[in-house]
Amino acid sequence: MEISRQTARRFILGRQGLWPGRRWRGARGTEQAMRTMEHLQLDPLLVVGRAHDLMLHSRVIDYRPDDWAIQTYERRRFFDWGGWLAVRPMEELPYWRRLMQRERDNGHFREVEQEHHETIQEMRRELRERGTIANRDFTMSSRKRTDHYRGRKDSAVALYYLWRVGEAMVHHRERFERIYAPTESIAPAELIEEASDAETDDFMRRKHVAFEGITPLTGSYTMYSKGDRAAALEWRRRAVDDGVLIEVNVEGWRGPRWALASDAGDIDTVAAGRVPRSWRPLETTTTEEATFLSPLDPVSARKRAKLLFDFDYIWEVYTPAPKRKFGYYALPVLWGDGLVARFDTRLERASSALRILGLWLEDEALAKDPDFAEAFARGIERFGRFLSAGSLDAEAVPQAAIRRRLSSIAFD
């Protein structure tokens, strides 16, 4: 299949639920969005909103912070796990439990078990007796101090180990801290069984293709599969022969890519200049209302923004302040099917004021484009309501026409 860059961009955006506008609403829509995304990456940092909440806000009408947690910890439709921490559907658990078993057999976790064997045994007993348990339940004065990236107490390391190898799951979170419970008290019994190695590798590779939409099948896609690169390439060959994958060549991209054969119809529809029926937005399109992407959004994070949008994006939260080009928490702005700007923002929680600390346009002509000013303002209005902001401070926006439009916004 030969497609243009625009078709590839629109398909990947649409496959991830971002284009041509929000097509889900409320609690049911949150669940649908989380399933469509394949992985909802979690991040504890709270500046404006947490990265995972921002991802769902950009896809779901009337989404509110922590709605993902209701689906995960109250309704048990999803679970969270992994060093690359993300939420996945509960029915996928047998495949992930095979990965948990691999974690147990991995050299690092074997060493953890050997070093902290007695503490792990103790935490197993505590889980059974208490039902739920958190690291904060154990004071530093009562524990052995450790030098581990997952905690300074032996109890923290032991609980983390039990979670990673599948003996515990996250019951819920309090201020993002994990509250653990025995796996059998959370997951349905039929899902605690482990899939085979072959089933797991096939599932994980297909999931990666779905996650990226159109992918070169290199690098991270082997992260959750067993075996060497030769085995992965052989899987790809078989998947094409069996009609699971299709080869896609994108104008201007080096080398072939692959997509799920089940997505071929949507790719053809987008290539013909139409929108797949299931993608049609419920309210505004991304042309009528700009959408703000999370720093960890899969369509733009990890250098993907450059390939898809010719937009250089680095999340500068970990960049030393003197070296930042934009801002601590600058968010990409999706307008239509392109990333056209970024803005840095902060929510002053004491006053509920949303402050825009800077706006940078890829094309300065947008500074005088009334359509962009209107779309950006509409995006800010929804963003402020999502954050429960009481007021907007846009004095730092350098573009006069955009600043004037923003000055008319009232969130109440």
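Residues are numbered from 1 along each chain as its sequence is written, and side-chain values use heavy atoms, with hydrogens and water left out. Because the model is predicted, local features need pLDDT of at least 70 and side-chain atom pairs count only at pLDDT 80 or more, while totals for chains, interfaces and linings use all residues.

We can start with helix H10, residues 229-241. Helices (H or I, at least four residues) and strands (E, at least two) are DSSP runs, numbered from the N terminus. At 1.5 Å a residue, the 13 residues of H10 should span 18 Å, and the 19 Å between its end C-alpha atoms agrees with this; the expected span is 1.5 Å times one less than the number of residues. Ala 232, Trp 235 and Ala 239 are the buried residues of H10, where buried means under 20% relative accessible area, exposed over 50% and partly exposed in between (1.4 Å probe, protein chains only). These residues cover an arc of only 55° around the axis, so they sit on the same side of H10; the arc is that of the directions from the helix axis to the C-beta atoms. Ala 230 and Asp 241, on the other side of H10, are exposed. The cover over the buried residues of H10 includes helix H9 (197-212) and strand S11 (245-250), with contact meaning heavy atoms within 4.5 Å. Just after H10, Gly 243 adopts a positive phi of about 80°.

Gly 273 follows H11 and has a positive phi, near 85°.

Turning to strand S3 (residues 40-41), Gln 41 lies within it and counts as buried because its relative accessibility is 12%. The Gln 41 side chain makes polar contacts with the side chains of Trp 84 (3.5 Å) and Arg 302 (2.6 Å). A polar contact is a pair of N or O atoms within 3.5 Å; within protein, one must be able to donate a hydrogen and the other to accept it, and residues adjacent in sequence count only if both atoms are side-chain atoms. Leaving aside residues up to four places away in sequence, Gln 41 touches His 52, Met 55, Trp 84, Leu 85, Ala 86, Leu 296 and Arg 302.
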